Amino acid sequence: MQDAGPYVARQHTRRQRRLADLRETYETNVFGVVTVTNAMLPLLHRSPAGLIGNVSSGLGSSAVLTDLDHPAGEHTMLLGYNSSKAALNAVTLVYARSLRDAGIKVSSLEPGHCATDLNHHSGPSSVEEGGRRIARQLGEALAGPSGQFFHPDGGNYPW
């Protein structure tokens with residue numbers, strides 16, 4: 001399981017901040033995941049049950065982002081976070097497809113809206129609750145097909 005998410009709060013001009021934040025967010029949420037995944041592939045190829053679980057967000061679902069009435073509301077406007085999670089979902093699907101013949105499963109996981117630095121600890125779920133959801137999803141990912149996008153309440157998100 002891979003989870004990383006920067007909390008970016010620096011003093012820059014509005015334009016500089018947006019570009020600097022976007023780059024840092026992608027470095028963590030996309031490029032960092034690819035780096036770790038590539039480093040782990042030799043071990044995963046030797047495993048009898050290789051599994052990659054990338055921690056994403058419903059805010060990276062195109063269906064959520066295009067639904068103007070979605071309950072996530074204002075959170076759908078987070079440029080760096082949402083677009084990086086959408087990119088992570090694409091990375092997840094590419095790895096799921098390319099590793100299928102090797103028997104390595106790859107899916108996106110979602111812990112739910114947890115109280116973290118990203119939301120100034122305002123999420124309704126604790127980090128521990130999110131961890132339990134991720135653990136459940138990992139079990140489901142191992143037992144099911146590759147290329148899923150797990151919803152924290154069960155079932156799957158539309159990509």
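Reply: What follows is a short chat about parts of this structure.

Me: What kind of model is it, and how are residues numbered?

Reply: This is a predicted model, in which local features need pLDDT of at least 70 and side-chain atom pairs count only at pLDDT 80 or more, while totals for chains, interfaces and linings use all residues. Residues are numbered from 1 along each chain as its sequence is written, and side-chain values use heavy atoms, with hydrogens and water left out.

Me: Where is P124?

Reply: P124 sits in the loop between β2 (105-109) and α4 (127-143). Helices (H or I, at least four residues) and strands (E, at least two) are DSSP runs, numbered from the N terminus.

Me: Is P124 buried or exposed?

Reply: P124 has a relative accessible area of 69%, so P124 is exposed. Buried means under 20% relative accessible area, exposed over 50%, and partly exposed in between (1.4 Å probe, protein chains only).

Me: What does P124 touch?

Reply: Not counting residues up to four places away in sequence, P124 touches H113 and E129. Contact here means heavy atoms within 4.5 Å.

Me: On to R133. Which element is R133 in, and what is R133 in contact with?

Reply: R133 belongs to helix α4. Leaving aside neighbours within four places in sequence, R133 is in contact with P111, G112, C114, S125 and P152. The side chains of R133 and S125 are also joined by a polar contact of 3.1 Å. A polar contact is a pair of N or O atoms within 3.5 Å; within protein, one must be able to donate a hydrogen and the other to accept it, and residues adjacent in sequence count only if both atoms are side-chain atoms.

Me: How many salt bridges are in the whole structure?

Reply: A search finds one. R136 forms a salt bridge with E140, with the closest N and O atoms 3.2 Å apart. R136 and E140 are four residues apart in helix α4, so about one helical turn separates them. R136 is partly exposed at 32% relative accessible area, and E140 is partly exposed at 30%.

Me: New topic. Which residues make up the largest nonpolar core?

Reply: V30, L41, L44, I52, V91, Y95, A96, L99, I104 and V106, 10 residues in all. The elements giving two or more residues to this core are α1 (14-46) and α3 (79-98). Apart from it lies another core of five residues, among them V55, L109, I134 and F150. A nonpolar core is a set of buried Ala, Val, Leu, Ile, Met, Phe, Trp, Tyr and Cys residues joined through side-chain atoms within 4.5 Å.

Me: Last one: how many aromatic pairs are there?

Reply: The count comes to two. F149 and Y157 form a tilted pair, 4.8 Å centre to centre with 40° between the planes. Rings of Phe, Tyr and Trp (its six-membered ring) pair if their centres lie within 6.5 Å; planes under 30 degrees apart count as stacked, over 60 as edge-to-face and the rest as tilted. F149 is buried at 1% relative accessibility, and Y157 is buried at 13%. Ring pairs link F149, Y157 and W159 into a cluster.

Methods:
Salt bridge = Lys/Arg side-chain N within 4 Å of Asp/Glu carboxyl O.
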